[in-house]
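Let's take a quick look at how aromatic rings pair up in this protein. Keep the structure open and follow along.

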Amino acid sequence: MSAGSRTAVSFFAGLCLGALALYVGLVWSGALGQRVATALPAATPASAPTQAAALSPTPVPASTATPAAGAEPSAPSAARTTFVPEPAPFTFPAEPPSPTPPPLDIHSPNEPPRSVPNPPPDLGDYDRLRSRSLAIPVQGLTPRDIKDNFAELRGTRPHEAIDMLAPRGTPVVAVAEGTVKKLFTSDRGGLTVYEFDPEEAYCYYYAHLDRYADGLVEGKRLSKGDVIGYVGTSGNAPANTPHLHFTIFRLGPEKHWWEGTPINPYPLWALRK
């Protein structure tokens, strides 16, 4: 056999061997794959979503998702919307109605005059009154017999006067010269006398009298020491405690006998003790 023939036979034989090896490889690969498939458990439909969920990214709640730049925020899903009732508006508790203010203290024939809240007395008042050496209005009393109860309360009202205790019928005298401006009877003060000083700057007020002195009338001129009445318990004074209720008012520009700024007369006599 020639060299060319031997070469052709060798090539043909190699080609056949290669084809056979390829066939055997394919057959072997198919058998191995079948054995592997048989060994592994078959996938169920229920496991597929679980695997897909494990591979998928974690979802972001709609309430916390941040919209992309320039994108309109989407409305929350109806399934995720939770209704929260709005709280009732806060209201302050109702305040109790304020008490009705008392009526103005208007003078009437059944009530004694009241002082008005004018500026309090100053040293000028005491200097002027001290220069007059006012007499003690209850005959027989001395400065040691007088107590300062000007600031005491009578119920809810300030006293604003000095009470001088004495037996019923003890003469009451004018503390200084002046004029009887008004004789007045009231529920609280009883029989009262209002005496104006000559300048009509001050009014001397005497109350709870048992009776007036004979001949006492409005407009009568008085001198210091003149008897104008007698100690008693008229008005709202206790029946078993006869006394004189005395005070001084600084008169206002209107010169009303029923109003003025009360002045404590006690210091005018206390310096004489």
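The count here comes to seven aromatic pairs, and keep in mind that this is a predicted model. A pair of aromatic rings is described by the distance of the centres and the angle of the planes. Two of the pairs get a closer look below.

**Tyrosine 194 and tryptophan 257**
- The ring centres of tyrosine 194 and tryptophan 257 sit 4.9 Å apart, with the planes at 65°, so this pair is edge-to-face; the cut-off for that label is over 60 degrees.
- Tyrosine 194 belongs to strand E6 (residues 190-196), while tryptophan 257 is in the loop between strand E10 (243-250) and strand E11 (261-263), so the pair ties together parts that are 63 residues apart in sequence.
- Tyrosine 194 is buried, at 0% relative accessible area, and tryptophan 257 is buried too, at 12%.

**Tyrosine 205 and phenylalanine 249**
- For tyrosine 205 and phenylalanine 249, the ring centres are 6.1 Å apart and the planes are at 55°, so we call this pair tilted.
- Tyrosine 205 is found in strand E7 (residues 202-212) and phenylalanine 249 in strand E10, so the pair ties together parts that are 44 residues apart in sequence.
- Buried or exposed? Tyrosine 205 is buried, with 6% relative accessible area, and phenylalanine 249 counts as buried at 10%.

**The bigger group**
- Which residues do ring pairs link into a cluster? They are Phe184, Tyr194, Tyr205, Phe249, Trp257 and Trp258.

**A charge over a ring**
- Arginine 211 lies over the face of tyrosine 230, 4.0 Å from the ring centre.

Terms used:
Residues numbered from 1 in each chain as written. Predicted model: local features only at pLDDT ≥ 70, side-chain atom pairs only at ≥ 80, totals over all residues. Heavy atoms only, no water. Phe/Tyr/Trp six-rings, centres within 6.5 Å; stacked < 30°, edge-to-face > 60°. Helix = DSSP H or I, 4+ residues; strand = E, 2+ residues; numbered from the N terminus. Buried < 20%, exposed > 50% of the residue type's maximum accessible area, 1.4 Å probe, protein only. Lys NZ or Arg CZ within 6 Å of the ring centre and 35° of its normal.
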